Amino acid sequence: MTLSSTSAPAADTAAEPFTDAEVAAIRADFPILARTVRDGRPLVYLDSGATSQKPRAVLDAERDFYERHNAAVHRGAHQLAEEATDAYEAARAAVAGFVGAPADEVVFTKNATESLNLVAHAFSSATAYRALGTAEADDRFVLRPGDEVVVTEMEHHANLVPWQELCRRTGATLRWLGVTDDGHLDLADLDRVLSPRTRVLATTHVSNVLGTITPVAELAAAAHRVGALFVLDACQSVPHLPVDLPGLGVDLAAFSGHKMLGPSGVGLLWGRAEVLDAMPPFLTGGSMIETVRMEGSTYAPAPQKFEAGVPMAAQAVGLHAAVDHLTALGADGTGMARVEAHERRLVGRLLDALGELPWVRVLGPAGTAERGAVVSFVVDDVHAHDVGQVLDDDGIAVRVGHHCAWPLHRRFGVAATTRVSFGPYNTVGEVDAVVAGLHRVREVFA
Amino acid sequence: MDLYAELILEHSKRPHGAGLRDPFDAEVHHVNPTCGDEVTLRLDLDGDTVRDVSYDALGCSISRASASVLHELVVGRSVADGLAVHTAMRAMLTSRGTDPGDEDVLGDGVALAGVSRYPARVKCALLSWMAFTDALGRASVPA
């Protein structure tokens, strides 16, 4: 039910998981998956929630850009500058199309963290403009004492700390929605926490720890009912599910290139055109201006307004190849639906296996229907670092710690968890390998 | 794997000197921000002698074992000896596998030598030692 409300309409009809042969073919495109680690063991990479591996097509696209087209984007009139600019803008159009958006509603940033900081700073800049009378400011971004910023207890630090800092800069008050014992947002909090004082609600689409898919449409509607903007952290959804950002009813969304088979160094901010137009710039300087005089400057329309300096063209071009690669994983635009089905199958197999182990406690929803591609758990009497170390000795790469969601771990009374996260290249055999590894953990520390 | 020597597991399961005790001259709280491990450590001095180190360590087997070894190595000895042990421990842990540690100085602590080959775990092993030197500083002991 949650899926049908958060997925692109064309793609949530039952897509098939990849067959073994298809997964083998997918894996062959990722050079790193052929290497061994820790004394010759095959790499079992189960940390795609932190960063995905990159297919050869992405690496080739970056290399080709540097070998044939490299120039500073949006500067100069020579042929290479034209080609580099075209490649960069084609990447924008491709990424935008991947999330159902028009090209000019997508801003390239350094990473999703920068995207979220950009949005938080739009509020404090507008607030300062208004207080000082130094520039026009859109009411929706002007905070006054008593105004409230609302997040949730399951946020990654990247969707929490920027809002805490915004409150420190403006005097606004931070509030948050709680998390239930079974790992869902406590929607009973919505009526208690949201009020006409709420100016922005910022939540994750898929928890990077619990895997929970949040009811975005419902949250966005609740935010809009009280006149607040809705900001979505889509870092763990866009790489794993078909996502139509404009169709979700959100105002702004951040996601990262490196988690969706793309290079590091490129992140995305999507915003409804009218909202981006209303926002002050964040980083300023070259490229983002309209006119510059010593007394002051005016700025280019979005998205250029938010892209100061020479941008990360090669990374954007690599990301273009990444979204093409993901799309091509299924026929007729079903690529992401098949990725979702495949990863859901792996999550289901892992949850079933962990359910058999009385000494393992899984955090988050019990079933797969309301889960993305991550599973976090604790092993009785064994610290997550020790779990991860023993798995690493078997060549299995998982994430251990608080996964940049310390308040959420505190909520569940644990210092750290072990997290398995999937990508399209993971196999059923790798799920079994991690389960076997956990038995070894138990032997070492029992 | 050489990380989890039997001695390390033994110290982590049955840590020496665990728990917080009174009286104390300084109390410090250190965290490892990458994993959320925490240690609260109290130092009780008798002149130039470390009378007691008591601690509450929340963390992995390596960090708990290291705190246990710390207690074993520094309690009842001079502050100068404690600092010398710290120096030797730090040198071994940050050696990337090149310094096996001197058992005469580090006792059971040499079992932590394997940690130095796992850079991500060095902080786990150093956490309580950093807390110890911090506590010495706060207790205003001339180093």
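This is a predicted model: local features need pLDDT of at least 70, side-chain atom pairs count only at pLDDT 80 or more; totals for chains, interfaces and linings use all residues.
Local features were taken at pLDDT of at least 70 and side-chain atom pairs at pLDDT 80 or more, while totals for chains, interfaces and linings use all residues. Residues are numbered from 1 along each chain as its sequence is written, chains are lettered from A and ligands numbered from 1 in the order in which they are written, and side-chain values use heavy atoms, with hydrogens and water left out.

The predictor gives the complex an ipTM of 0.88 and a pTM of 0.93. Chain B has a mean pLDDT of 93. In that chain, 97% of the residues reach 70 or more. Here pLDDT is the predictor's confidence in each residue, from 0 to 100.

Strand S7 of chain A spans residues 198–204. Seven of its seven residues are buried. Buried means under 20% relative accessible area, exposed means over 50%, and partly exposed lies in between (1.4 Å probe, protein chains only). Helices (H or I, at least four residues) and strands (E, at least two) are DSSP runs, numbered from the N terminus. Two strands pair if DSSP finds at least two bridges between them.

S7(A) pairs with strand S5 (residues 148–152) of chain A in the parallel sense, over three bridges. Five bridges join S7(A) to strand S8 (residues 229–233) of chain A, also in parallel. A:Val200 has a partner in each of these strands. A:Val149 stands opposite A:Val200, and A:Leu229 in S8(A) is a bridge partner of A:Val200. From S7(A) the chain crosses through helix H8 (residues 216–225) of chain A to S8(A). This β-α-β crossover is right-handed: with the strands pointing away from the viewer, the path from the first strand over the helix to the second runs clockwise.

A nonpolar surface patch is formed by A:Ile289, A:Val292 and A:Tyr299. Together they have about 250 Å² of accessible area. Patches are made of residues with over 30% relative accessible area and no salt bridge; like charges are joined within 9 Å, and nonpolar side chains (Val, Leu, Ile, Met, Phe, Trp, Tyr) within 5 Å. Accessible areas come from the Shrake-Rupley method with a 1.4 Å probe, and for residues only the protein chains shown count as cover. A:Tyr299 lies in strand S12 (residues 296–299) of chain A. A:Tyr299 counts as partly exposed because its relative accessibility is 34%.

Most residues other than glycine have a negative phi, and most peptide bonds are trans. Several sites depart from this pattern. A cis peptide bond joins A:Ala302 and A:Pro303, with omega about 5°. A:Pro303 lies in the loop between S12 and helix H10 (313–327) of chain A. The bond from B:Asp22 to B:Pro23 is also cis, with omega near -10°. B:Pro23 lies in the loop between helix H1 (6–13) and strand S1 (26–32) of chain B. At 55% relative accessibility, B:Pro23 is exposed. B:Pro23 and B:Arg42 are 19 residues apart along the chain, and their C-alpha atoms are separated by 8.7 Å.

Two aspartates of chain A have positive phi. For A:Asp332, phi is near 55°. This residue is in the loop between H10 and helix H11 (335–355) of chain A. A:Asp332 is exposed, at 79% relative accessibility. For A:Asp381, phi is about 65°. A:Asp381 is in the loop between strand S14 (374–379) and helix H12 (384–393) of chain A. A:Asp381 is exposed, with a relative accessible area of 76%.

The whole structure holds 33 salt bridges over all chains. A salt bridge is a side-chain nitrogen of Lys or Arg within 4 Å of a carboxyl oxygen of Asp or Glu. A:Arg92 and A:Glu89 form one at 2.8 Å, N to O. They are three residues apart in helix H4 (residues 79–98) of chain A, so about one helical turn separates them. A:Arg92 is buried at 1%, whereas A:Glu89 is partly exposed at 24%.

In chain B, B:Arg21 forms a salt bridge with B:Asp52, the closest N and O atoms being 2.8 Å apart. B:Arg21 lies in the loop between H1 and S1 and B:Asp52 in strand S3 (residues 49–58), so the pair ties together parts 31 residues apart in sequence. B:Arg21 is partly exposed at 28%, and B:Asp52 is buried at 16%. The side chains of B:Arg51 and B:Asp44 meet at 3.0 Å, N to O, in a salt bridge. B:Arg51 is partly exposed at 44%, whereas B:Asp44 is buried at 7%. In chain A, salt bridges that share partners join A:Asp138, A:Arg140, A:Asp251, A:Arg272 and A:Glu274 into one network.
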